[in-house]
Amino acid sequence: MATFLYKLGRLAFRRRRYVALIWVALLALAGFGASSAATATSSSFSIPGTEAQKAFDLLDERFPGGSADGASARIVFQAPGGEKVTAAANKAEIQHIVGELRSGSDQVASVADPYKTNAVSKNGSTAYISVSYKVSSMELTDATREALEDVGHDARSSGMKVEIGGDALQVMPETGATEIIGVAMAAVVLVITFGSLIAAGLPLLTALIGVGIGVSTITALANVLDLGSTTSTLAMMIGLAVGIDYALFIVSRYRAELAEGREREEAAGRAVGTAGSAVVFAGLTVVIALVGLAVVNIPMLSKMGFAAAGTVAIAVLIALTLVPALLGFAGKRVMGRKARKAAEAENKPEAKPNMGTRWARFVLRRPVWVLLVGVLGLGAIAVPAASLEMGLPDDGAQPKSTTQRQAYDMLSDGFGPGFNGPLVVVVDTAKSSDGKAAVTRVSDEIEGSGGVAAVAPATFNKAGDTATITVIPKDRPSSVATENVVHAIRDAGADIKSETGAEVLVTGATAMNIDFSQKMNDALLPYLALVVGLAFLLLMVVFRSVLVPLKAALGFLLSVVAALGAVVAVFQWGWLGSLFGVEQTGPIMSMMPIFMVGVVFGLAMDYEVFLVTRMREAYVHGESSGQAIVTGFKHGARVVTAAAVIMMAVFSGFIGSSEQMIKMIGFSLAIAVFFDAFVVRMAIVPAVLALLGKRAWWLPRWLDRVLPNVDVEGEGLRKELSDGPAEGGGERELVRV
């Protein structure tokens with residue numbers, strides 16, 4: 001592989017105008033496709049195989065036009081002190097708003113008058129209007145949302161407090177400013193790392209081109225493939241991260257080759273042949289992690305994974321072709337003055353060792369202590385992960401300043417916390433001999449169970465073969481007590497079905513969240529086994545070793561569990577919560593563990609492959625196992641550190657978001673990258689390799705014969721360059737690194 005990539009790098013360097021033109025044309029083509037495509041609304045969200053989804057499907061079939069999975073909103077009214085919402089003036093105002101809502105948008109399915117549906121609190125201080133929509137929250141138009149937000153203005157002027165809750169106002173948070181800040185911080189780190197504006201700008205430029213092509217392609221195909229407006233979010237985040245990393249690796253190796261005295265074209269070829277091999281396999285591990293999301297069997301998540309994997313593949317191709325082409329345009333300006341002086345100093349016998357070299361030598365002297373401190377430290381941070389509770393955030397997790405949170409609190413105070421997450425029990429009586437009796441029994445069973453505040457009368461469809469019962473739990477939607485209520489109803493439904501033939505299903509937003517969390521929890525271990533297993537085989541091919549891939553996988557698991565422990569401590573227990581702006585503790589978002597595994601695994605393997613392939617390269621070229629560790633850190637530590645700091649900067653920008661979910665994602669990814677890059681890859685990995693010595697590179701002979709030799713370390717390339725004449729005459733010799 002190294003030989004092929006070497007030739008590809010030289011070809012891209014020589015034909016740089018054509019290569020650049022091809023990528024610019026692809027960007028323009030993708031941009032044209034995105035601009036001419038119809039605007040995407042939302043990918044249809046479903047959770048196949050869950051009871052809540054089965055109930056939704058049954059409601060769509062038996063209650064046509066009911067929009068069971070449509071968006072909902074609650075306009076909550078609170079009368080001024082001493083007054084009641086049942087007073088004539090307040091009642092007239094609220095009923096006027098009911099009429100406005102019904103005529104305000106053609107996306108409205110139904111509006112419930114609070115005075116006809118008993119939606120007035122016992123003390124008369126609070127009332128709420130329930131609004132159901134024909135489409136999901138992501139498909140609501142701006143005009144519909146504006147109509148919903150405007151209805152309360154007149155009521156507020158009359159003295160009542162009016163707030164709006166429900167998912168109708170939920171939109172994807174705007175992250176453009178965060179991304180700009182992340183890119184700006186990445187630019188600063190790159191300038192510090194390279195000491196050259198051209199060298200710093202090149203990874204940013206190529207990463208933005210790759211993300212532009214990827215996201216534009218996703219936008220162009222959104223309606224055809226039902227990708228939706230949220231699919232590009234993960235692709236943009238991952239594409240930007242790996243795009244900068246991969247270009248950074250190539251540019252760094254190119255500068256090192258120039259410092260060794262290579263001609264520019266030769267340096268580009270060697271950079272792509274060596275660092276490019278690491279980029280290919282690092283990219284493959286990321287693709288495996290993202291495509292593996294299909295194991296969860298949630299269509300929306302699978303599509304997000306495939307789309308992000310495609311963007312990563314584009315980033316790899318750009319690193320192997322466009323980066324060497326742009327290096328051809330940049331000339332020797334890619335080397336700043338300080339870099340040239342440092343290169344000259346490093347080539348002198350009395351050169352002062354850099355920070356990576358000094359750190360590697362320290363680890364070689366104290367490998368046991370470094371290993372113990374790293375493992376025990378991460379182990380201690382991981383302890384809270386044992387108390388992990390998963391769920392999906394509701395309006396109770398919103399900042400207190402938002403209308404959603406204030407509506408949530410007003411409902412809790414006026415009616416009880418369970419009113420924020422009613423359950424919908426669907427009873428299918430098609431196979432029951434006495435449907436009404438079966439439904440009555442279901443209602444009695446629910447009322448007799450603990451944890452229920454109220455049970456509404458059953459509502460039958462026109463055919464009389466299906467009934468819905470609204471159940472109000474006593475506790476808030478995300479609580480363990482509410483989850484127990486759902487399980488209790490389902491357990492009772494199993495007995496009722498065996499005795500009466502009526503099938504009992506529990507759905508609604510709260511039940512859907514519970515089922516979603518359970519599905520994610522069940523998929524975590526199979527997903528981990530698939531991703532880590534395939535990556536282990538891939539790394540075994542790369543490193544020609546059994547112990548190095550095993551160490552890489554175990555180190556990754558340690559960093560992810562430690563990161564989960566930190567997330568639980570901050571967002572579930574509330575430790576240091578005020579520092580990160582956490583206003584309401586609660587369960588950890590159910591997607592977080594799998595999301596962290598997919599994203600962090602890819603980035604961790606980037607650092608692992610780049611750092612350890614340099615060690616492997618030095619070892620294969622004749623250095624001792626200890627000296628190979630020092631060489632790997634001498635050339636790779638600075639680049640890996642820069643890449644990790646860039647990623648932490650990008651992810652940390654999301655911590656400032658007002659959305660609890662986005663804040664949690666930003667914190668978890670930033671802390672996970674910190675643990676993996678600086679504790680695992682920079683400390684535990686060299687300590688383990690130092691203790692293993694030559695055994696780290698051991699591979700059984702029979703396995704050595706079976707595994708394909710991809711020549712990542714460039715041994716075949718070294719022989720070819722040593723034996724063959726250089727272009728223009730003379731010998732080409734690969735200097736040992």
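Which residues form one aromatic cluster with Tyr-128? I looked this up in a predicted model, and found that Phe-415 and Phe-419 form the cluster together with Tyr-128.

**Aromatic pairs.** I noted ten aromatic pairs in the structure. One of them joins Tyr-128 and Phe-419 edge-to-face, with 6.4 Å from centre to centre and 70° between the planes. Tyr-128 belongs to strand S3, whereas Phe-419 lies in the loop between helix H15 (403-414) and strand S6 (423-428), so this pair ties together parts 291 residues apart in sequence. I checked burial next: Tyr-128 and Phe-419 are both buried.

**The sheet.** I then followed S3 into its sheet. The sheet is open and has four strands in the order S2-S3-S1-S4, with antiparallel pairing. I asked why one side of S2 and of S4 is left without a neighbour in the sheet. From one strand to the next, I read an average twist of 20°.

Between S2 and S3 (residues 126-133), which run antiparallel, I found four bridges. In this pairing, Ser-110 is opposite Ser-132 of S3. Helix H4 (residues 88-104) packs on the sheet and touches strand S1 (72-78), S2 and S3. The direction of H4 makes about 10° with that of S3.

**Charges over rings.** I looked up two cases. Lys-91 has its charged end over the ring of Tyr-115, at 5.1 Å from the ring centre. Arg-16 places its charged end over the ring of Phe-13, 5.1 Å from the centre of that ring.

Methods
Residues are numbered from 1 along each chain as its sequence is written. This is a predicted model: local features need pLDDT of at least 70, side-chain atom pairs count only at pLDDT 80 or more; totals for chains, interfaces and linings use all residues. Side-chain values use heavy atoms; hydrogens and water are left out. Two strands pair if DSSP finds at least two bridges between them. Helices (H or I, at least four residues) and strands (E, at least two) are DSSP runs, numbered from the N terminus. Axes are lines fitted to C-alpha atoms, for helices over the stretch in contact, and angles run from 0 to 180 degrees between N-to-C directions. Contact means heavy atoms within 4.5 Å. Rings of Phe, Tyr and Trp (its six-membered ring) pair if their centres lie within 6.5 Å; planes under 30 degrees apart count as stacked, over 60 as edge-to-face and the rest as tilted. Buried means under 20% relative accessible area, exposed over 50%, partly exposed in between (1.4 Å probe, protein chains only). A charge sits over a ring if NZ of Lys or CZ of Arg is within 6 Å of the ring centre and within 35 degrees of the ring normal.
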